[in-house]
Amino acid sequence: MRMEHHREEPGLPLPRGPLSEGVEAYLRGAGRLPRLEDAARAEVYGEDLQLALYLCYELHYRGFAGVSTDREWDPDLLRVRAALEHRFLSALRADARAHDSVDGALADLLVEPVDGAGVTHFLRDEGELWHLREYAAQRSLYHLKEADPHAWVLPRLWGRAKAAMAAVEFDEWGGGRADRVHARLFADLMTDLGLDTTYGRYLDAACAEALVTVNLMSLFGLHRALRGALVGHFATVEITSSPGSRRLAEAMRRTGAGPAAEHFYDEHVEADAVHEQVVRQDVIGGLLADEPHLAPDVAFGIDATEFVEDRFAARLLADWRASRSSLSAPLALEAAHTS
């Protein structure tokens, strides 16, 4: 029997520095927001700034237990969020730019290295169940709301791009079937791995690099000016998903993780192989046919996604190869493992 996917608002996490502490205090109505100049001095990819930004963004998704819904559009909080975003986006534009054209960026995505040494290769070839559990806990920050950040772009597209994007998103949300929604399938995967499926449960445990990957989607999705970058991000996810998911499905089978754990990635092997063609030809093609000036933004979105995912992969592999956890807090076995 599958654990029911929890729907209640998550609790606030523990702060990781003065920025996130100030934002949390303000959300609770118990303190002042951090100063705007503090954001300019914080480590841009560090835990404190990224958690503070995550807290601001999460108000547009599920929110937090005990936090007023009025905070979503609180003007003082939005000013702080803007300062955090400016710091984050400026760093990405400086650090992540690798391609001058969309064609060049897409061409590199389509090349699978013969001697791949990334996280999915590690998990397929030598990963143990504890590695898979940590990976799922970290990824749950996104996968329990899979496809939602990308939905922000739909009102900002039209014609061929809008229709194609909506078609792919419809698949991500189960094609009209609640039991096939990908977030639901990931919750089932977590149950097989003995993880708690409560939304936001592993926010305290997630490393800064995992927070960055989720914040990137929200940053691109919540700004109309970044719609091209969001499409680039979406393309990167869909193009790279199928081969990576195949390796992860093999890892789940090899370790006996469970049928739902295998099914989640098997589903993505098939679905995302089709989505790749739709995204390249119709979402990107349609967008650039209507708005060719957005080509540099699409390329930037691809490069930024690769940049933050590479940082996340490097963190995981460095920790795992040193036989240490990648998490900030240990995982408890929340449910009986299904073999």
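Which residue just after α9 takes a positive phi? Keep that in mind while you look around. The model on your screen is predicted.

**Stop 1: helix α9**

Select residues 159-172. This is helix α9, with 14 residues. From its first C-alpha to its last, the helix reaches 20 Å, close to the 20 Å expected at 1.5 Å a residue. Now colour A161, A164, M165, V168, E169 and E172, the buried residues of α9. Turn the view until you look down the helix axis. The buried residues fall within an arc of 135°, so they line one face of α9. An α-helix has 3.6 residues a turn, so residues three or four places apart point the same way.

Step just past the end of α9. Here is G174, the residue you were asked for, with a positive phi of about 90°.

**Stop 2: K145**

Select K145. This lysine sits in the loop between α7 (129-143) and α8 (148-151). Is K145 buried or exposed? K145 is buried, because its relative accessible area is 2%, under the 20% cut-off. Next, show what surrounds K145. Beyond its neighbours within four places in sequence, its contacts are Y54, E58, Y61, A183, Y199 and V214.

**Stop 3: R315**

Move to helix α14 (residues 295-321) and select R315. R315 counts as partly exposed, at 26% relative accessibility. The side chains of R315 and D319 are joined by a polar contact of 2.7 Å.

Finish with C207. C207 and R315 are 108 residues apart along the chain, yet 8.6 Å separates their C-alpha atoms.

Notes: Residues are numbered from 1 along each chain as its sequence is written. This is a predicted model: local features need pLDDT of at least 70, side-chain atom pairs count only at pLDDT 80 or more; totals for chains, interfaces and linings use all residues. Side-chain values use heavy atoms; hydrogens and water are left out. Helices (H or I, at least four residues) and strands (E, at least two) are DSSP runs, numbered from the N terminus. Buried means under 20% relative accessible area, exposed over 50%, partly exposed in between (1.4 Å probe, protein chains only). Contact means heavy atoms within 4.5 Å. A polar contact is a pair of N or O atoms within 3.5 Å; within protein, one must be able to donate a hydrogen and the other to accept it, and residues adjacent in sequence count only if both atoms are side-chain atoms. The expected span of a helix is 1.5 Å times one less than its number of residues. The arc is that of the directions from the helix axis to the C-beta atoms.
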